[in-house]
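Subject: Structure handover

Hello,

Please find the structure below.

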Amino acid sequence: MEGKDSITLVHLAQKAFAPGKIPFPLVHIDTGHNFPEALDFRDQLAASIGATLVVRKVEDTIKQRSLTEPKGKFPSRNWLQTYTLLDTIEEFKFDACIGGARRDEEKARAKERIFSVRDEFGQWDPKLQRPELWNLFNGRIHKGENVRVFPISNWTELDIWNYIRKEKIDLPSIYFAHEREVVLHEGQLVATSEFVKPDDTDLVMTKMVRYRTVGDMTCTAAVESTAANLDEVISEIIATRISERGETRIDDKVTEAAMEDRKKNGYF
Amino acid sequence: MDLLRFITAGSVDDGKSTLIGRLLYDSKNILIDQLEALEKSTRNKANGEVDLALLTDGLRAEREQGITIDVAYRYFTTPKRKFIIADAPGHVQYTRNMITGASNASLIIILIDARLGVVEQTRRHSIIASLLRIPNVVVAVNKMDLVDYSQDVFNNIVIDYAEVAKQLGLRQVTYIPISALNGDNIVEKSTAITWFEGKPLLEFLEEVETGNDINLDDPRFQVQFVIRPQTEALHDYRGYAGKVISGIYRKGDKVRILPQGIDTTIAAVEKAGKEVDELFAPQSGVIRLTEDIDISRGDSIVKTDNLPLLSNELEVLLCWLDEKPLIPGNKYLLQHNSRLVKAVVRNVEYKLDVNSLQQQPVEGNVRLNEVVKAVIKTASPLVYDPYTKLSATGSAILIDETSNSTVAAVLIK
């Protein structure tokens, strides 16, 4: 709940249950590689709407389960966060988890139902999905299973930005142009940080950038931009010829089925 | 911006995924990195040409087998309209996915292979279009390049399909000869099909009148959640949250709570915690009533001067969607918007033959993909309208209580 899609979802939930409070907790799986701006934003948002915030750390899961840390220059904990997510679901006995995934993001996501039933290992089976007719959603599950619910499945990136503008929803500052020290990695700009340390082969530079998506510092790339407000961001998105994930996600390019594999293993 | 949701249907290898790929590609809705990924995966294949079908076949098994397994959704925009495409697979065992995609569509593109003409799947998909009352049908006669762009071939298919359309009562049918592979009549008018005077597909989709899907005449509201903050400031607050399925609701309206049958008055209508003048379809909001009444999830709030039907015995058409057959007498759960009731299927009267459209006797159990006329008895009365009048209150699903699977689409007569 630190990216723009999750923030939009929180806003929608807040409207749906007003004047009452959101009757479920907000959950964040903290990989330890998050942008500090996003974490601050998360805490402020939860406090301002009086929501219960549950944070579980991948760091703790790694220790408890003695998992092996990924190595390399961009050590992504993206794969490991699934362990923490599944532990959290079990800890709180959640029967449903609502997420901000959109079908236009990625082609495995385009195949997933709005109510996606996961087995007790959190696994998605694309061949065993329930038919989803009209606006009727079957959320019934067996003990141990859970449903991942994606209410904004049919929104596009542009729909999200237009809605954020219309509803005047606050976002973390990194979505707007700012100066940042970055390195160029396979055509993508990656911010330097305690997790991404440049070596001798890297050209370190300072650029005006913004983030089009916000994930881990190790697997999210910045885009060069001078867009300082929502109108300017929206103009850039209309003009772009590169998709959101393609431009900003380092973790999707590994294999063509990267997202499908992660989802089959319990990933959101 | 205006939105058109459509579905593409056809048999295996009719070229659906290629057609969608072509629509996206020629209308410049494919982004550079997606094209790069496409070229990369095409290079792993034998023939070397860019395979546009790979744009929608998102699962590994699909790419390996060269087929579409599941409904995929694609989004594209032209200066005139925003589109959501449901790409539904063609083989028989996945027909239920086509029903899934079709239930939300206001237009269907039925693909016919010019070499094969109208086949069993064409009829089956047309029956579904007719049952679900999709208002517009486009018959895209594909692979015209493989029949030398022959006008006779096209005309014969038009004659054959017109017969199917007549039997099914499909009125708004448009025929377009195309080659998805070569881009003929997709975005640009074909230079090879000179005898065709109609519009290319995309232009047609941009301009077709879809009618207004939203009904503002028959007020229907089903409670999804009861909001009771029980805070100091909102001590006595009790609001009924849900979506206005159809019609308009205002303060002072005389309403009836169903199935209880209690009459009362609307004290206020609210959106996002603020009182508004009116709530109308398809908005979500909160209704507050002047009296405290025991109301829970699934109950309906309707106006006393425009009442829906109320019964615990329903004449229905069932599309069976499960591998396990329907066993008459078995208990199922019937989900009707947010209402869930126990139900039993009785009196399976006949099934619809997908080729002759004749009513046939049912021998043994009802199986996957069969469409039957039946009677459903529910444990408590259902508040509904006939599907032909109001699809949102005339449709339901059956759920198998032991597997939790969605096993049938229900259209109430």
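**Domains of chain A**

The centres of domain 1 of chain A and domain 2 of chain A, taken over C-alpha atoms, are 23 Å apart. This is a predicted model, in which local features need pLDDT of at least 70 and side-chain atom pairs count only at pLDDT 80 or more, while totals for chains, interfaces and linings use all residues. Residues are numbered from 1 along each chain as its sequence is written, and chains are lettered from A and ligands numbered from 1 in the order in which they are written.

Domain 1 of chain A covers 4-156 + 258-264, and domain 2 covers 171-253; the bounds come from an automatic or database domain assignment. Where the two touch, 18 residues of domain 1 of chain A and 18 residues of domain 2 of chain A take part. Two residues are in contact if their C-beta atoms, placed from the backbone, lie within 7 Å.

On the side of domain 1 of chain A that touches domain 2 of chain A, helix 1 (4-17), helix 2 (36-49) and helix 8 (258-264) of chain A each supply at least two residues. Helix 2 of chain A gives the most, three residues. Helices (H or I, at least four residues) and strands (E, at least two) are DSSP runs, numbered from the N terminus. By class, this side of domain 1 of chain A has eight nonpolar, five polar and five charged residues. Ala, Val, Leu, Ile, Met, Phe, Trp, Tyr, Cys and Pro count as nonpolar, Asp, Glu, Lys and Arg as charged, and the others, Gly among them, as polar.

**A helix pair in chain A**

Helix 5 (residues 157-167) and helix 6 (residues 230-239) of chain A pack at an angle of about 165°, and their axes are 10 Å apart. Axes are lines fitted to C-alpha atoms, for helices over the stretch in contact, and angles run from 0 to 180 degrees between N-to-C directions. Helix 5 and helix 6 of chain A are therefore roughly antiparallel to each other (under 35 degrees counts as roughly parallel, over 145 as roughly antiparallel, 65 to 115 as roughly perpendicular and the rest as oblique).

Residues of helix 5 of chain A in this contact include A:Leu158 and A:Trp161, and those of helix 6 of chain A include A:Val233 and A:Ile237. The contact of helix 5 with helix 6 of chain A is made up of eight nonpolar, one polar and two charged residues.

**A sheet in chain A**

Three strands of chain A form an open sheet of mixed pairing, in the order 3-5-4. Two strands pair if DSSP finds at least two bridges between them. Strand 3 (96-98) and strand 4 (115-118) of chain A are the edge strands, each pairing on one side only.

Strand 4 of chain A pairs with strand 5 (residues 146-149) of chain A in the antiparallel sense, over four bridges. A:Arg118 has A:Asn146 as its bridge partner, and A:Phe115 stands opposite A:Val149. Strand 3 and strand 5 of chain A pair in the parallel sense over three bridges, with A:Cys97 opposite A:Arg148.

**Between the chains**

In the contact between the chains, 41 residues of chain B meet 34 residues of chain A. Helix 2 of chain B brings the largest share of the chain B side, five residues. That side divides into 21 nonpolar, 15 polar and five charged residues.

Regards
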